[in-house]
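Please examine the structure shown below before reading the report.

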Amino acid sequence: MPRTYLVTGAASGIGAATTALLREQGHTVLAADLEDGDIRADLATAEGRAALAARARELTGGRLDAVVACAGLARFDPLTVRVNHFGAVATLDGVRPLLAAGSHPRALVVGSVDAVHPTDPAIVDAADAGDEPAAAAAARAAVDRGEGHLVYSSSKAAVSRWVRRAAPGDAWAGAGIALNAVAPGVVLTPLTRPLLDDPATRTLVERAVPMPLHGHARPEQLAPLVAWLTSPENSHVTGQIVFADGGADAVLRGDRAW
């Protein structure tokens, strides 16, 4: 049965691949991105987040079956935590009333295996507390002291914690809405290609994210997992961080996660 989806970050990478797959399956997809798509919104700002929810409500008539929060950044900049954590949470919370009116409602955020890498506790704690100015300030401090690489992993760790905390609650599971995250490893996108094209940085990337099963992924290889997790067939998977990382998490953490 055709469903109505909202996908943010739909102009490229996993968002574009997911949008294409869902449309091929006969679903209606509202594609949202910063400068292109059915909805244009800057998820680094409160105004952009509000505009996204309002426009989604207008275009769907107040009823949405699934949302995929895929918009993200990987910069040594506070914008990364503003988009990856606060933008994603605001997207999901903003359209939750639309999902509650939908059929077999599902929600998903695209995280990262980087969430298991070292993080900056100040960034993560501020994000956990919902304090965006403090999280942005902590991110700026990390960049200034030469630890800008911690901003991305901290943003993904924070949004993963939010999923685990929120999913079983009344607002989500209690309303019949499955809420999950997918944590990819290295995905071949315009964001990662410059790193992989340089032999020195490629070695660093592969050491940080070892992927023994089939190596680096293409966006279209992850889209079917996203589609299933947001489909009616997913009746009981919720509150999970599903690692689609070629085995990277298993290599990095072994059985310590259990």
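## Basis of the model

This is a predicted model, in which local features need pLDDT of at least 70, side-chain atom pairs count only at pLDDT 80 or more, and totals for chains, interfaces and linings use all residues. Residues are numbered from 1 along each chain as its sequence is written, and side-chain values use heavy atoms, with hydrogens and water left out.

## Pro-118

Pro-118 lies in the loop between β5 (106-110) and α4 (121-128); helices (H or I, at least four residues) and strands (E, at least two) are DSSP runs, numbered from the N terminus. Because its relative accessibility is 59%, Pro-118 counts as exposed (over 50% relative accessible area, with buried under 20% and partly exposed in between; 1.4 Å probe, protein chains only).

Beyond its neighbours within four places in sequence, Pro-118 is in contact (heavy atoms within 4.5 Å) with Leu-150 and Ser-153.

## Helix α6

Helix α6 spans residues 149-166. Of its 18 residues, 13 are buried.

## The second largest pocket

The second largest pocket holds about 300 Å³ of space. A pocket is an open set of points on a 1 Å grid over the protein atoms alone, where a 1.4 Å probe fits, with protein on both sides within 12 Å along at least five of seven lines; lining residues have an atom within 4 Å of a point. The volume is the space filled by probe spheres set on the points, which are joined across faces, edges and corners.

Helix α6 gives the most to this lining, with four residues. Among the lining residues are Ala-157, Ser-160, Arg-161 and Arg-164.

## The largest pocket

The largest pocket has a volume of about 1400 Å³. Its lining comprises 46 residues, and Gly-72, Leu-73, Ala-74, Tyr-152 and Leu-191 lie nearest its centre. The most lining residues come from α8, which supplies four.

Definitions and conventions. Expected span 1.5 Å × (residues − 1).
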